[in-house]
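Student: I'd like to learn how to read a protein model piece by piece. Can we go through one together?

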Amino acid sequence: MSGAVSLDISGAVAFVTLSHPGKFNAMSRAMWRELRAVFESVQQDCALRAVLVRGEGGHFCAGGDISEYAAFRFDEASLRDFHEREVWGGLQAMLACDLPIVAQIEGNCMGAGVEIASCCDLRLASDAARFGAPIARLGFPMAPREAALVMRAVGELTAREMLLSAAVLGAAEMKQRGFLNQVVPATEVQTAALACLDRIRPLAPQAARLNKQAFRALAPVLVHEVASDLVATAYDYAPSAEHREGVTAFIEKRSPQFSD
């Protein structure tokens, strides 16, 4: 299975579910494309008033589906296409959505999970949720647009801690740092998310859409304006030995050996 991103509509609320059984809902390439299609559909539905993004099986999203990486990551052109078209296509569709987006976060929220959560307006988490982006262990950096998105949402110091020291942080810490609106016991996270939707649903829908548009216009760092020269060279590392060693070691379930 390559996983799936499903859309279910109940009344005025769209429920978007990340599902990749056995992989803690890690995002496959197909899932990134589905995420874009789902949010483009949601944006066009004038009857909707809110979106809930959640993961299946007690986890939000554990990152990318690394089992796919060896097939495309070591070629610069295909790596660029993956990040700039597939991944960023899904994230950009979320950012362009004029509806309030609520994240219901449980379990693992790593890498791609942090990126998806960063696109949400309100973030509620289980007290057992874990957050990080330990891709340095895989031998590659976060793509520039994705790094700008995460840095804006989690804060510069937290982004640096996640990416440079592979830090994994708990929900209480992430709330203290301003990334989460609410942390509740694991048994209450769904109830809390639905209560949040209940508060949003009766509010003025046009005002919400206009607020979302204003937030985009007023954002201090617009991720789509990441310097073109940075993006132009961002994927030069694709064929590097370090990159290949990190991905291969993960697939082979061993510790990577990075040389100078």
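Student: Which residue in E4 is the bridge partner of Arg-54?
Tutor: Start with the general idea: strands of a sheet pair through backbone hydrogen bonds, either parallel or antiparallel. Two strands count as paired if DSSP finds at least two bridges between them. The names come from DSSP runs numbered from the N terminus, helices being H or I with at least four residues and strands being E with at least two. Here, Arg-54 has Gln-104 in E4 as its bridge partner. E3 and strand E4 (residues 101–105) run parallel, with 4 bridges between them.

Student: Before we go on, what kind of model is this, and how are things counted?
Tutor: It's a predicted model, where local features need pLDDT of at least 70 and side-chain atom pairs count only at pLDDT 80 or more, while totals for chains, interfaces and linings use all residues. Residues are numbered from 1 along each chain as its sequence is written, and side-chain values use heavy atoms, with hydrogens and water left out.

Student: How does the chain cross from E3 to E4?
Tutor: Through H2, in a right-handed β-α-β crossover. To judge the hand, point the strands away from you: a crossover is right-handed if the path from the first strand over the helix to the second runs clockwise. Another right-handed β-α-β unit is made by E2, helix H1 (residues 29–44) and E3. Strand E2 (residues 13–19) pairs with E3 in the parallel sense over 6 bridges, and Val-13 sits opposite Ala-50 of E3.

Student: Is strand E3 mostly covered or mostly open?
Tutor: For this we use relative accessible area: under 20% is buried, over 50% exposed, and in between partly exposed (1.4 Å probe, protein chains only). Strand E3 (residues 50–55) is mostly covered, with 5 of its 6 residues buried.

Student: What is the order of the strands in the open sheet of 6 strands?
Tutor: Read it as E1-E2-E3-E4-E6-E9, with mixed pairing. Strand E1 (4–10) and strand E9 (182–184) are the edges; each has a single partner strand, so one side of each lacks a neighbour in the sheet. On average, neighbouring strands here are turned by 20 degrees against each other, direction ignored. Strand E6 (residues 122–126) joins E9 in the parallel sense over 3 bridges, with Ser-126 opposite Val-184. Helix H7 (residues 189–200) packs on this sheet and touches E2, E3, E4, E6 and E9.

Student: And which strands form the open sheet of 3?
Tutor: That one has the order E5-E7-E8, and its pairing is mixed too. Its edge strands are strand E5 (108–110) and strand E8 (168–170), each pairing on one side only. Strand E7 (residues 130–132) and E8 run antiparallel, joined by 3 bridges. Phe-131 has Leu-169 in E8 as its bridge partner.

Student: At what angle do H2 and H4 pack?
Tutor: Axes are lines fitted to C-alpha atoms, for helices over the stretch in contact, and angles run from 0 to 180 degrees between N-to-C directions. Helix H2 (residues 76–95) and helix H4 (residues 144–154) pack at about 35 degrees, with their axes 10 Å apart. Contact means heavy atoms within 4.5 Å; the residues in it include Trp-88 and Leu-91 of H2 and Leu-149 of H4.

Student: Why do Tyr-69 and Phe-72 count as an edge-to-face pair?
Tutor: Rings of Phe, Tyr and Trp (its six-membered ring) pair if their centres lie within 6.5 Å; planes under 30 degrees apart are stacked, over 60 edge-to-face, and the rest tilted. Tyr-69 and Phe-72 have ring centres 5.8 Å apart and planes at 80 degrees, so they are edge-to-face. Phe-72 and Phe-82 make a tilted pair, 4.8 Å centre to centre with 55 degrees between the planes. That pair links Phe-72, in the loop between E3 and H2, to Phe-82 in helix H2, 10 residues apart. Phe-82 is buried, at a relative accessible area of 4%. Tyr-69, Phe-72, Phe-82 and Phe-140 form one aromatic cluster.

Student: Last one: is Glu-245 buried or exposed?
Tutor: Buried, because its relative accessible area is 17%. Glu-245 lies in helix H10 (residues 241–251), and what covers the buried residues of H10 includes H2.
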